[in-house]
Amino acid sequence: MASGQEGKPPATPPQGKKGFGKAKPPSPPPPAAKASKRSTAVTLLALGAGAVTIYAATRGSSDYELEQNEKTLLFTNASECSTSGKVPALDCDTAWREAQKAHESHAPRFSSQQTCESEFGPGRCGSPNSFSAAGVFIPLMAGYALAQASNGYRAQALYQRLGDAPGQYRVSGFVQPPPPQQQQSSSSSSSGGSRSWSSSSSSSSWSRSSGPSVSSTGSQTAISRGGFGSTSSAFSSSGSRSSSS
Amino acid sequence: MRRLAVAPRANFEARARELGFAFHTIDGEAYWNESACYAFTLRQIEDDLEAPSAELHQMAMELVGRAARDEALLTRLRIPRQAWPLVADSFARGDASLYGRFDLSYDGKSPAKLLEYNADTPTSLYESAVFQWVWLEDAMKQGLIPQGADQFNSLHEKLVARLGEIASGGLFHIAGLRDNEEDKGFVAYLEDCARQAGIETSVIGMSDIGVSAENKFCDPKDRWIELMFKLYPWEWMMADEFGASPAMANTTFIEPAWKMILSNKGALALLWQMAPGHPNLLETYFEDDPRKSALGGRFARKPLLSREGANVMLVDGEHVAREEGPYGAEGFVRQALAPLPDFDGWRPVVGSWIVGDEAAGIGLREDRDPITSNTSRFTPHAILD
């Protein structure tokens, strides 16, 4: 538990902690009424047998290309994509740029190069290009994935953690987190447009094994534990009853 | 609103495995039921469930604004004195709510009636947001329900977006009890959503939490718990040893402490007092309020704090139905009876989700018993116009 105690300046993302756990001013109403009352896509990164995304069938259409796996193509870069002959070169380039954009905003973030490299390997981490944030480090892209959709290709950044087998890739999240440098305000983020998918990956978590937290003031020494949880047993002799409703 | 018999999907088992739905059968009984679905019209969804839920949420927030600093009301709700500063401060700071679930009695014709508000630790989130949603896609694809059907269910999108708004910028702790399959499934789903929002997470057990000499709660790796989702009721936290620790002020909790006002059945009486006659509210009084006699011999008696139907008593003239349980020491409310509608012997309760400040979808649980409990079956729904 050594790191984080050296009195370094807080290595928070530029957005700061202001918003951590606080209610935001009400978002503006969504731009237009959605045709559908349900989520456009549902993604699970680690919960089941592996990352999976399922798309909502478009209302009134017969487009049921739901599972992406069979049509997903993985490449390490755009030139490998275009020389493969499987995807038109123009689409390879467009998708590469799209994947890079997604990478800048969705890659897992770390407060130090060292923490990041402990998970992704030496020389496999850097700072995002899109903003000059001191103290924000993200893994490098190990490649990108393309999924054929009815209207072109969708792209996503791929990563490889330390110890991942060759050919085993991971994806990061898909919903745009608040942009780090802008005022967090107009995030009508829940409405459509966030169509996404993820390629297959193994099921371990991004951060479960991570060391020091993003918070530089995080390191503490517990002097007592176990002060929560005892009341639950008064309501549950077997321990099987849910605490929730 | 209809209850339709539907053939189960051929790939149900594979789907459950693929999507990590481990608790579809509880104690040998099916908890997930797709041999039927509830069908709504779009008008029923939008006018009778979505809009009223948003309005109920606004009323609930108004009630919190009135009660957060009102010692008489906090006393009325039996919220312990030690919790008062937590309630008032969390509301004044604007500590964010992630979600809540209204339980509604609705028959497709009359206005939906609020039975209770699960504002603190509502579950059935994963089955509502994910498994129900996938069922609709599969069922359309397999021709089990008409193509072009829809579902009132943008829960997944809204949860990921809301988490991104409130939990970005630090390590987000998610705490629950370790020994419950359903709770574990819930926590795993919430962590998945947080990661999709690009948030660094750590899952811990409630009993693993420690406190430091600097009065900060810390996780098993001695990291400060700055922001924590807890699948553990506030009133239990208040009864636990750490509930009185000064460290309580150094962690931001989701749900926040001001939810103690709303997760309490007394809120139903206070809401009625605030908006008597509101079409989506049931006439409700505290048990020690003489006005309760207005309800005559048809009422539900509910403990101020109770979960999954425990200790609820339904009185309909001479007919009494009762669910046993460990709650009720802190008092009761008496609520006008709104019997759940009967569809082929099944009585559904509509769980209507709020994420942030928006109505985000519904999930139905049905039971043969008039009191919905934690063994009721989750049954999917569809919008079929």
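Two disulfides (pairs of cysteine sulfur atoms within 2.5 Å) are present over all chains of the structure. A disulfide is a covalent bond between the sulfur atoms of two cysteines. The structure is a predicted model, in which local features need pLDDT of at least 70 and side-chain atom pairs count only at pLDDT 80 or more, while totals for chains, interfaces and linings use all residues. Residues are numbered from 1 along each chain as its sequence is written, chains are lettered from A and ligands numbered from 1 in the order in which they are written, and side-chain values use heavy atoms, with hydrogens and water left out.

One disulfide joins Cys81(A) to Cys92(A), with the sulfur atoms 2.0 Å apart. The link of Cys81(A) and Cys92(A) is left-handed, with -75 degrees about the S-S bond. Cys81(A) belongs to helix α1 (residues 78-83) of chain A and Cys92(A) to helix α2 (residues 89-106) of chain A, so the pair ties together parts that are 11 residues apart in sequence. Helices here are DSSP runs of H or I with at least four residues, numbered from the N terminus. Cys81(A) and Cys92(A) are both buried, that is, under 20% relative accessible area with a 1.4 Å probe and protein chains only.

A disulfide is also formed by Cys116(A) and Cys125(A), whose sulfur atoms are 2.1 Å apart. The disulfide of Cys116(A) and Cys125(A) is left-handed because the torsion about its S-S bond is about -85 degrees. Both of these cysteines, Cys116(A) and Cys125(A), are buried. Counting bonded cysteines along the chain, the disulfides of chain A follow the pattern 1-2, 3-4.

In chain B, Cys37(B) has a relative accessible area of 0% and is therefore buried. Cys193(B) is likewise buried, with a relative accessible area of 0%.

How values were computed:
Helices (H or I, at least four residues) and strands (E, at least two) are DSSP runs, numbered from the N terminus. Buried means under 20% relative accessible area, exposed over 50%, partly exposed in between (1.4 Å probe, protein chains only).
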